[in-house]
Amino acid sequence: TVAIGRYVVFAAHALVRHPGWREAFAAGADDDLLPFVQEVRRFYPFFPAIAGRARRGFVWNGHRFRRGDLAILDLYGTNHHPELWPEPEAFRPERFRGWAGDPFALVAQGGGDAAVSHRCPGEDLTVALTAAAVRVLCRETRFRAPPQDLSVSLARMPALPASGLILRFG
């Protein structure tokens with residue numbers, strides 16, 4: 001529930017910062033709705049990392065993990081890694097057009113397969129509800145963002161725009 005609320009706020013933030021997407025969705029352009037939501041999830045820092053303990057010993061990329069070792073997955077760093085995401089600091093939903101869905105590249109809600117690894121089982125619901133919220137914001141409401149601090153700090157967990165994102169409807 002927290003993830004859905006944060007991603008809806010981040011989607012609204014992206015619509016304010018990139019009004020061309022808002023106009024496209026208002027005109028009915030659904031083809032880029034999923035790419036837009038995926039880019040929101042990649043670009044914005046819901047939280048920076050997740051941690052887990054090794055259930056058994058294993059070797060990964062030459063590093064030996066023992067049973068009980070703590071491992072930390074850098075979600076924000078992975079979602080902004082230039083080898084995985086060209087121009088990682090640019091908001092570009094088009095990067096997700098035709099995307100096959102690598103579960104170890106887009107790790108907004110954990111990595112791997114939710115059935116067997118540390119990935120949120122509610123991820124599909126988060127994506128669907130965030131897309132539905134974007135449709136409502138663009139097609140069923142009119143809003144504007146008054147002047148405010150739209151910066152997003154990586155020090156706050158879970159993250160939010162500094163202002164909380166104030167929108168005026170009507």
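Is Glu 87 buried or exposed? In this predicted model, Glu 87 is exposed, because its relative accessible area is 52% and the cut-off for that class is over 50%. You will find Glu 87 in the loop that runs between helix 4 (75-79) and helix 5 (123-140). Its backbone deserves a look too: the phi of Glu 87 is near 50°, a positive value in a residue other than glycine. As background, most residues other than glycine have a negative phi.

Leu 165 also has a positive phi, near 75°, and again the residue is not a glycine. Look for Leu 165 in the loop between strand 5 (143-144) and strand 6 (168-169). Its relative accessibility is 14%, so Leu 165 counts as buried, the limit for that class being under 20%.

Setting aside neighbours within four places in sequence, Leu 15 is in contact with Phe 25, Phe 36 and Val 134, among others. Its list of contacts also includes Trp 21, Arg 22, Leu 137, Cys 138 and Phe 143.

In general, rolling a probe the size of a water molecule over the atoms shows where empty space is left. The second largest pocket contains about 180 Å³ of space. It is lined by 14 residues, and the closest to its centre are Gln 38, Arg 41, Arg 119, Glu 123 and Asp 124. Helix 3 and helix 5 each supply at least two residues of this lining, and helix 5 gives the most, with 3 residues. What classes of residue make up the lining of this pocket? There are 6 charged, 5 nonpolar and 3 polar residues.

How many cavities of 30 Å³ or more are there? The count comes to 1. The largest cavity has a volume of about 60 Å³. Of its 13 lining residues, Tyr 44, Pro 45, Phe 46, Phe 47 and Asn 79 are the closest to the centre. Helix 3 and helix 4 are the elements that give two or more residues to this lining, and the largest share, 3 residues, comes from helix 4. By class, the lining of the largest cavity divides into 9 nonpolar, 2 polar and 2 charged residues.

Our last stop is Ala 49, which is found in strand 1 (residues 49-53). Ala 49 counts as partly exposed because its relative accessibility is 32%, a value that falls in the class between 20% and 50%. Beyond its neighbours within four places in sequence, Ala 49 is in contact with Ile 72, Leu 73, Asp 74 and Leu 75. As for Arg 95, it is 46 residues away from Ala 49 along the chain, and the C-alpha atoms of these two residues are separated by 23 Å.

Notes
Residues are numbered from 1 along each chain as its sequence is written. This is a predicted model: local features need pLDDT of at least 70, side-chain atom pairs count only at pLDDT 80 or more; totals for chains, interfaces and linings use all residues. Side-chain values use heavy atoms; hydrogens and water are left out. Helices (H or I, at least four residues) and strands (E, at least two) are DSSP runs, numbered from the N terminus. Buried means under 20% relative accessible area, exposed over 50%, partly exposed in between (1.4 Å probe, protein chains only). Contact means heavy atoms within 4.5 Å. On a 1 Å grid over the protein atoms alone, a cavity is a set of points where a 1.4 Å probe fits but cannot get out, and a pocket is an open set with protein on both sides within 12 Å along at least five of seven lines; lining residues have an atom within 4 Å of a point. Grid points are joined across faces, edges and corners, and a volume is the space filled by probe spheres set on the points. Ala, Val, Leu, Ile, Met, Phe, Trp, Tyr, Cys and Pro count as nonpolar, Asp, Glu, Lys and Arg as charged, and the others, Gly among them, as polar.
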